[in-house]
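Welcome! Please take a moment to look over the sequence and turn the model around before reading on.

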Amino acid sequence: MLNIAVTVWWLVFFSALGLCLGSFLNVVIYRLPMGLALSSPVWSFCPNCQNRIAWYDNLPVLSYFRLRGRCRNCWQPISPRYPLVELMTAILVILLLDRFFIGAAQSTWDYVDLNWKLGDDWPAYLAHVILFSSLMAMSAIDIQFYWVDIRFTHFAAAAGVLLHAVWSPTESHAWITPPHGTAIATTSAFAGFALVWIVLQFTTHHPPETEIADGPPDETNTTKQKPAARLALWLTGALFLALLFFAGAEEVGANPVPYALRAGAVLLFFFLIIVYEASHVRDADTEIVEAIESEAPAARRMTLVELATLLPGVFAGCGVLWWAYTSQPAAEGWSCVMQWKPWGETWQPIQGIVTAINGYVIAAGIGWAIRIVANLVYGKEAFATGDIHMMAAAGCVIGWQMVLLGFVLACFLAVVAWVALLPFKKTRAIPLGPWLWIGFLTAVVYREQLTQTTMIQNVVSLWDLLFFNISQHPLFAGPS
Ligand SMILES: [Zn+2]
């Protein structure tokens, strides 16, 4: 009985949190592309009549239905996109709760309730919620305007480092702790990149980040009501309630719908939402292709310059790793610093920060490698820096392994959707943001299932075989 009360409380709490977070994301998604500040005005206003919306008309989802989807002042329809984003954020929050504390964790957690489980790994959960809601807001802007704001990824990455530092038990169920050798290389490389970045800030007058240099787009086309959008809204509501019910049921002992199926339904639904959103023909579709073509003559040279600025960091990483690899005192000193425990037996803040930086650097490295190869091969910007920022921030939270897996899934899903949409929309540009978002989410949600597949097991075995000598060295003999 107590377990049921605890479960219901947390499900209601996180649903409310998710809906409010979604309400905030709506503000972000609406205001940022228009070049409006998030803080002024502080209150919400009707996009049509600019009238201030009272708090009782601004309750997530509820107010939309109470006002029958119209503004109280000007009586113009409100886009169903607003409650849809709120519900999707709530679904995301509950799905991650299910992933970390109910569905995928059930076998090891049989005897404790949600209070206990949340107390153990809440920083990891919170970091995932921040990451995936940030990526969702970025994706919503990207899919309309082919434009991402990297302040989202900076925020998510900072939250990832901070929350890793707050709680980094060696037996965490969420974080993937790197071996010492990898951590040494990536932390030194990070220091190298930071140094180059600082030097560049003082020596060159380069234009601001290209994503922002493109300027806020001036297109708003989502205020019209469409029957399909209303249907999507009702389906989302039903899916949300079903997820709440079945996750709650499993937590209190019944298991009518297994976790893999619940998660699959949510992922399929998110996939269809992205496909639906991508199916609209927008001015931005042709504008982005023209912009890429006009910058094409300089693309190869630009990529080589980028490669040159990355080299010092790579050398720093390799050099320090070689030093630790050959010198016993260096390796011992490192492991001593890593395991610093300022308080209690499990809290290792340095280990936590280094884990986050490790994920950031390797995921960014994967992104840069893809960008450099793609741009050199195609001779134009085939993979934007905004996508690298997304991969790096995700690496900070979910680990580079999940980023790599998620990237492969993202490419696969994007190609499936692109082929499915070919009869309706002829465009050569694909906004990658939404696909990275759903790819990373799929990797995290199905991590246990995916990493047990023969294909991934084979890749891991091949890796061990190729680097047998290195993997036997104490620096690489597994996380400590
Ligand atoms: Zn109005």
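What you see is a predicted model. The mean pLDDT of the protein chain is 83, and 90% of its residues reach 70 or more. Helix H15 (residues 433-445) has the highest mean pLDDT among the elements, at 95, while helix H7 (residues 210-213) has the lowest, at 40. Over residues 206-224 the pLDDT is below 50, although this stretch has 26 contacts in the model beyond near neighbours in sequence. Where pLDDT is low, the predicted coordinates should not be read in detail.

Now step back to the whole chain. You will find 18 helices and 0 strands. The radius of gyration is 23 Å, close to the 23 Å that the globule rule gives for 480 residues, so the chain is as compact as a globular protein of that length. Its C-alpha atoms fill a box of roughly 75 × 65 × 40 Å along the principal axes. Of the contacts between residues at least 6 apart in sequence, 80% join residues at least 24 apart.

What lies inside? Buried residues make up 40% of the 480 residues. The largest nonpolar core has 121 residues, and those with the most contacts inside it are Ile91, Ile94, Met391, Ala394 and Phe440. In soluble globular proteins, nonpolar side chains tend to be buried together.

Among the buried residues of H14 are Trp400, Val403, Phe407, Ala410 and Ala417. The buried residues of H14 pack against helix H9 (259-278), helix H12 (349-378), helix H13 (385-398), H15 and helix H16 (447-451).

Finally, visit two loops. Most residues other than glycine have a negative phi. Gln50, however, has a positive phi of about 65°; Gln50 sits in the loop between helix H1 (2-31) and helix H2 (62-66). Arg68 has a positive phi of about 50°, and its place is the loop between H2 and helix H3 (81-102). Are these residues buried or exposed? Gln50 counts as exposed because it has 10 C-beta neighbours inside 10 Å, and Arg68 is exposed with 8 other C-beta atoms within 10 Å.

Methods: Residues are numbered from 1 along each chain as its sequence is written. pLDDT is the predictor's confidence in each residue, from 0 to 100. Helices (H or I, at least four residues) and strands (E, at least two) are DSSP runs, numbered from the N terminus. Two residues are in contact if their C-beta atoms, placed from the backbone, lie within 7 Å. A nonpolar core is a set of buried Ala, Val, Leu, Ile, Met, Phe, Trp, Tyr and Cys residues joined through C-beta atoms within 7 Å. A residue is buried if 20 or more other C-beta atoms lie within 10 Å of its own, exposed if 12 or fewer, and partly exposed in between; C-beta atoms are placed from the backbone. The radius of gyration is taken over C-alpha atoms; the globule rule is 2.2 Å times the number of residues to the power 0.38.
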